[in-house]
Amino acid sequence: LYGWEDLELGERLKKMGVELVRCPKAVGYHWHPALSLEQIPNLIKIEIERAKMALVFYRKHPTIRVRFIIQFTWMHRILWECLTLFGVINEKRLKPLLRLLINNGRPQLAMEILRIPLNLIGVRAIFREASLRGIR
């Protein structure tokens, strides 16, 4: 499934004592297509996959650091619940605004706004998966 493999590798390398070498001149690109409303169901699916993989990551590295990285804390749960008014601000209610932004050439802004309910979906999924698996 999708998610966390790069950070999990980083945790393993850190545990092995591998020295981090910084290269400020290095440039990396991560391309994303412009947001369209048709992508939303797949983005939700990815958040649910990320939640499952977050728990795989956490089981391998059960530290407070990893809990914060994957947002598996009550602080994160409360934060995203409050920011979305406990789910009232969701992808369905945001569709008219997202459509307006996309149609006016602002798909990146639309994506940033959509990230708020997507984070709630992801955090809720982490807690749901953890409950099913008996992870506290």
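Which residues are linked with Arg77 in a network of salt bridges? The legends below take up this point and others in a predicted model.

**View 1. A salt-bridge network joins Arg77, Glu81 and Arg124.** Glu81 pairs with Arg77, and their closest N and O atoms are 3.0 Å apart. Both residues sit in helix α4 (residues 74-83). They are four residues apart, about one turn of the helix. Glu81 has a relative accessible area of 8% and is buried. Arg124 is the other member of the network. Over the chain, the count of salt bridges comes to eight.

View 2. Glu8 counts as buried, at 7% relative accessibility. Arg12 is partly exposed, with a relative accessible area of 40%.

**View 3. A salt bridge connects Arg65 and Glu11.** The N to O distance is 2.7 Å. Glu11 is buried, at 8% relative accessible area. Arg65 is partly exposed, at 43%.

**View 4. Leu9, Leu13, Met16 and Val18 make a nonpolar surface patch.** The patch covers about 370 Å². Leu9 lies in helix α1 (residues 5-15). Its relative accessible area is 39%, so Leu9 is partly exposed.

**View 5. Helix α5 is kinked at Leu97.** The kink is about 35 degrees and is centred on that residue. Helix α5 has 13 residues (91-103). At 1.5 Å a residue they should span 18 Å. The end C-alpha atoms are 17 Å apart, which agrees. Glu91, Leu94, Leu98 and Leu101 of α5 are buried. The buried residues of this helix pack against α2 (40-60) and α6 (107-133).

**View 6. The whole chain is built from six helices and zero strands.** From the N terminus, the elements run α-α-α-α-α-α. The C-alpha atoms fill a box of roughly 50 × 45 × 25 Å along the principal axes. Of the 136 residues, 36% count as buried. The chain exposes about 9,400 Å², and carbon and sulfur atoms supply 61% of that area. Among contacts with a separation of 6 or more, 77% are between residues 24 or more positions apart.

Notes: Residues are numbered from 1 along each chain as its sequence is written. This is a predicted model: local features need pLDDT of at least 70, side-chain atom pairs count only at pLDDT 80 or more; totals for chains, interfaces and linings use all residues. Side-chain values use heavy atoms; hydrogens and water are left out. Patches are made of residues with over 30% relative accessible area and no salt bridge: like charges are joined within 9 Å, nonpolar side chains (Val, Leu, Ile, Met, Phe, Trp, Tyr) within 5 Å. Accessible areas come from the Shrake-Rupley method with a 1.4 Å probe; for residues, only the protein chains shown count as cover. A salt bridge is a side-chain nitrogen of Lys or Arg within 4 Å of a carboxyl oxygen of Asp or Glu. Helices (H or I, at least four residues) and strands (E, at least two) are DSSP runs, numbered from the N terminus. Buried means under 20% relative accessible area, exposed over 50%, partly exposed in between (1.4 Å probe, protein chains only). The expected span of a helix is 1.5 Å times one less than its number of residues. The bend at a residue is the angle between axes fitted to the seven residues ending there and the seven starting there. Contact means heavy atoms within 4.5 Å.
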